[in-house]
Amino acid sequence: MYEWLEDSVRESRYVFDSFSLDWSFQFNEPASESEIEEYELQTGLSLPHSYKLFLLKHNGAHLFCSEAANLIFSGSSSLWANSGILIFEMSATREYKKQIHRIYDVSEQLLLLPIAYLGRIGTGDFCSLDFGSFNGIENPVLDCNHEYSPEEWKDSVIANSFEEWIRKIFERIIRHKSLPEYWFKDTIYDNSLDSV
C-alpha cells in the first residue's frame, strides 16, 4: 500500500512546474506501531487499515503547500494551515477535534476524527474519518463543510477509505490538471490549475 505515492508526488511536481506553481510537499517522519497502539488505547478508537499504514509511512503531511503563503509548518503546533491540505499527525487530530466540538457546539459523541485541514481554500473546512460507519476494514472519509451542520456531514462521504481519498486527490492533479479538492461540486468554483 502507498507504493504509488512517491511516483504521484514526482508527477505532481511536473504539473506544478508546467503551471508555474510554487506548491510543494512536506512529509512527517513515520509513527511507530507502539505510538499507534498507544493512540488507539488513549482515544478508544481502532484506526482503519489504510490510515494506519499511512501513519507508519508518514505521521502527517502538508500537501500542495505554497511558499507564497508564508506558512510556518511545525507539525502538531500548526492546526490552521494557510495553504495546501494539512494531514494531521496523530497528536494534532485530538487537538483539532476539541476545537471542532467547541466551534460547532456538538457533543463528544459525534463519531468523527478530523484527519486533514483544507488550508488551501481557507474556509475552516476539514476532512474527517466517520467512526459511526465501518465496513470491517475501513471508515469512510467525510467532507466537513462549514456551511453544513455536523449531522449533515454524515451524508458527505467523499471516499470509502483514507487511501482512496488521498489517491483521488493526486489523480485530480495529475490526470485532470485540476485543484486537489476533487469532491467540490460547485460549478462557480474554477477547478483549473491555470487559474490559480
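How many bridges join strand β4 (residues 112-118) to β5? Five bridges join them, and the two strands run antiparallel; two strands count as paired if DSSP finds at least two bridges between them. The model is predicted, so local features need pLDDT of at least 70 and side-chain atom pairs count only at pLDDT 80 or more, while totals for chains, interfaces and linings use all residues. Residues are numbered from 1 along each chain as its sequence is written, and side-chain values use heavy atoms, with hydrogens and water left out.

**The chain as a whole**

- The protein chain has six helices and seven strands; helices (H or I, at least four residues) and strands (E, at least two) are DSSP runs, numbered from the N terminus.
- Read from the N terminus, the order of elements in the protein chain is α-β-α-α-β-β-α-β-β-β-α-β-α.
- The protein chain has 196 residues, of which 53% count as buried. Buried means under 20% relative accessible area, exposed over 50%, and partly exposed in between (1.4 Å probe, protein chains only).
- Among contacts in the protein chain with a separation of 6 or more, 55% are between residues 24 or more positions apart. Contact means heavy atoms within 4.5 Å.

**The sheet**

- Seven strands form an open sheet in the order β1-β2-β3-β4-β5-β6-β7, with antiparallel pairing.
- The edges are β1 (23-27) and β7 (157-159); each has a single partner strand, so one side of each has no neighbour in the sheet.
- From one strand to the next, the twist averages 30°.
- Helix α1 packs on the sheet and touches β1 and β2, and its direction makes about 155° with that of β1. Axes are lines fitted to C-alpha atoms, for helices over the stretch in contact, and angles run from 0 to 180 degrees between N-to-C directions.
- Strands of a sheet pair through backbone hydrogen bonds, either parallel or antiparallel.
- Strand β2 (residues 61-66) and strand β3 (residues 85-87) run antiparallel and are joined by three bridges. L63 has I85 in β3 as its bridge partner.

- Five of the five residues of strand β5 (residues 126-130) are buried, so β5 is largely enclosed by the rest of the structure.
- In a regular strand the side chains alternate between the two faces of the sheet.
- In β5 both faces are covered: F126, S128 and D130 are buried on one side, and C127 and L129 are buried on the other.
- L129 has V141 in β6 as its bridge partner.

**V141 in strand β6**

- V141 lies in strand β6 (residues 141-144) and is buried, with a relative accessible area of 0%.
- Leaving out residues up to four places away in sequence, V141 touches a set of residues that includes I115, C127, L129, V157, I158, F162 and W165.
- V141 and E163 are 22 residues apart along the chain, and their C-alpha atoms are separated by 9.7 Å.

- Rings of Phe, Tyr and Trp (its six-membered ring) pair if their centres lie within 6.5 Å; planes under 30 degrees apart count as stacked, over 60 as edge-to-face and the rest as tilted.
- The rings of Y2 and F54 have centres 5.7 Å apart and planes at 65°, so this pair is edge-to-face.
- The pair links distant parts of the chain, 52 residues apart: Y2 is in the segment before α1 (5-18), and F54 is in helix α3 (residues 49-57).
- Y2 counts as buried at 2% relative accessibility, and F54 counts as buried at 0%.
- In α3, the residues S50, Y51, F54 and L55 are buried. These residues cover an arc of only 140° around the axis, which puts them on the same side of α3; the arc is that of the directions from the helix axis to the C-beta atoms.

**Positive phi values**

- Y2 has a phi near 70°, a positive value in a residue other than glycine.
- S20, in the loop between α1 and β1, has a phi near 55°, also a positive value in a residue other than glycine.
- S20 is exposed, with a relative accessible area of 67%.
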